[in-house]
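Colleague: I have a model open on my screen and would like to learn how to read it. Could you take me through some of its features?

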Amino acid sequence: MSKDSLLALIAPSALPWYTGTSINPLLRAFYLSRHYKVLLLLPWIKPEEQKFIFPKQYIFFKSFEQEKYIRKYLKDLGHNSSNDDLQIQFYNAKFYSMLGSIMVRDSIVKYLHNVHTIVLEDPVLLLVMNPFSSLKKKFRTIGIWHTNFSYYIRQTFLFNFGSLASYICYWYFNYIIKKNCHVVLDLCEQRQESNYGLNSFLPLNGIANHFFVSSKIQDPQKAGYFIGKMVWEKGLRELFHLLKLAKETEFILIGQGKDKSAILDYAYKLGIKVQFISYSENPAKDLATFRYFINCSRSEVYCTATAEAIAMNKFV
C-alpha cells in the first residue's frame with residue numbers, strides 16, 4: 001500500500017445506532033488509523049428513517065452533525081481522532097424496517113477514491129442490493145462476517161419455508177461473496193455459512209479497557225440484564241420462561257428493535273417485571289452494578305456483549 005493510498009472500512013450501520021456493526025467497525029477504523037490513512041464509510045439514512053433506530057433525542061439533518069457525534073463518542077472513550085488519519089464519509093442508504101437492516105442505495109465505488117484495500121463489514125448487507133458489482137477487480141477486498149443470516153432467515157419465514165429460503169439465500173450470498181471478496185474473516189467457527197472456501201476464522205473484535213475497570217466494582221446490587229436488539233430471534237421468549245421457572249420477577253432489557261412492544265407485553269403476561277432501557281451510551285458504567293448477564297440468543301456470531309460481561313466479572 002502506498003503512503004498516500006487509503007484503507008477503507010465500509011460499515012452497514014453507524015452510531016447512534018448502538019449495535020455491534022456500528023461500534024466494532026468504528027473502533028477497528030480508529031486503531032488502524034494509528035498506522036494507516038483510513039477512510040470509514042458509514043450509511044446516511046434520511047431523518048424520517050432515523051427515528052426507527054436512533055434514540056429519540058438524536059435526529060441528524062446533515063451528515064456532518066452525525067460525524068461530530070461519532071467523533072465525540074471516540075473522544076469520550078479517550079480516543080482522539082483527526083480527519084487527517086481517520087476520514088469519515090457517508091454513503092446513501094435506506095433503513096428497511098421489515099428486515100431491521102440498513103441497505104446501500106447506490107454504488108459504493110464512487111466514494112472510493114485513491115483506495116487500495118477495502119474492508120467490508122458484513123459484506124452481505126453491503127452487497128445484497130447490488131448483485132452486479134465486482135469490487136475485487138478494482139480493490140484488494142476483505143470481508144468480515146458479523147451476522148448469522150441463515151438463522152434469521154429460517155426464523156423469519158413462516159409456513160415451513162424458512163429452510164428453503166435459507167437454502168436459496170445461501171447460494172445467492174455465496175455468489176456475491178465470491179464475486180466481491182478475496183478473503184472473508186469469520187468471527188465464529190460454528191456459523192453455517194463458513195464453507196464458502198474464502199473464510200478464515202479470526203475473532204477480531206476486542207474489549208475496550210473501561211470494561212475491565214468496571215470489573216473492580218464490589219458487591220453489585222442489581223439483578224440481571226440482556227443487551228441487544230429487541231427482536232424475537234434473540235431468544236427472548238425462552239428467556240422469560242426461564243426467568244419464571246427460576247422465580248426471577250425483575251429483569252432489565254437494553255436495546256431497540258421492531259418487536260419491542262410485543263416482547264414487553266409477553267413478559268408482563270408471564271408476570272416478569274421488565275424494565276426497558278432503549279440504549280446505553282456508556283455500557284461499562286451503566287452495567288457495572290448488575291450481577292449477571294443472560295445471553296439468550298441463538299443467532300450470535302461473535303457476541304461482544306458476552307465478552308464485555310466476562311470482562312466485568314459478571315455471571316454469564
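Modeller: Gladly. Let's start with burial: buried means under 20% relative accessible area, exposed over 50% and partly exposed in between, with a 1.4 Å probe and protein chains only. Y58 is buried, and F60 is buried too. This is a predicted model, where local features need pLDDT of at least 70, side-chain atom pairs count only at pLDDT 80 or more, and totals for chains, interfaces and linings use all residues. Residues are numbered from 1 along each chain as its sequence is written, and side-chain values use heavy atoms, with hydrogens and water left out.

Colleague: How are two aromatic rings described as a pair?

Modeller: A pair of aromatic rings is described by the distance of the centres and the angle of the planes. Rings of Phe, Tyr and Trp (its six-membered ring) pair if their centres lie within 6.5 Å; planes under 30 degrees apart count as stacked, over 60 as edge-to-face and the rest as tilted. The count here comes to 16 aromatic pairs. One of them, W17 with F95, is edge-to-face, at 6.1 Å centre to centre and 90° between the planes.

Colleague: Which parts does the pair of W17 and F95 tie together?

Modeller: W17 lies in the loop between β1 (6-10) and α1, and F95 in strand β3, so the pair links parts that are 78 residues apart in sequence. Helices (H or I, at least four residues) and strands (E, at least two) are DSSP runs, numbered from the N terminus. W17 is buried, with a relative accessible area of 8%, and F95 is buried at 9%. As for Y58 and F60, their ring centres are 6.4 Å apart and their planes at 15°, so that pair is stacked.

Colleague: Which residues of α3 are buried?

Modeller: An α-helix has 3.6 residues a turn, so residues three or four places apart point the same way. In α3 the buried residues are Q66, E67, Y69, I70, R71, Y73 and L74. They pack against α1 (20-32), β2 and β3 (86-96), where contact means heavy atoms within 4.5 Å.

Colleague: And L41: buried or exposed?

Modeller: L41 counts as buried because its relative accessibility is 0%. It sits in strand β2 (residues 38-44). Not counting residues up to four places away in sequence, L41 touches L9, I10, A11, Q89, F90, Y91, Y111 and L112.
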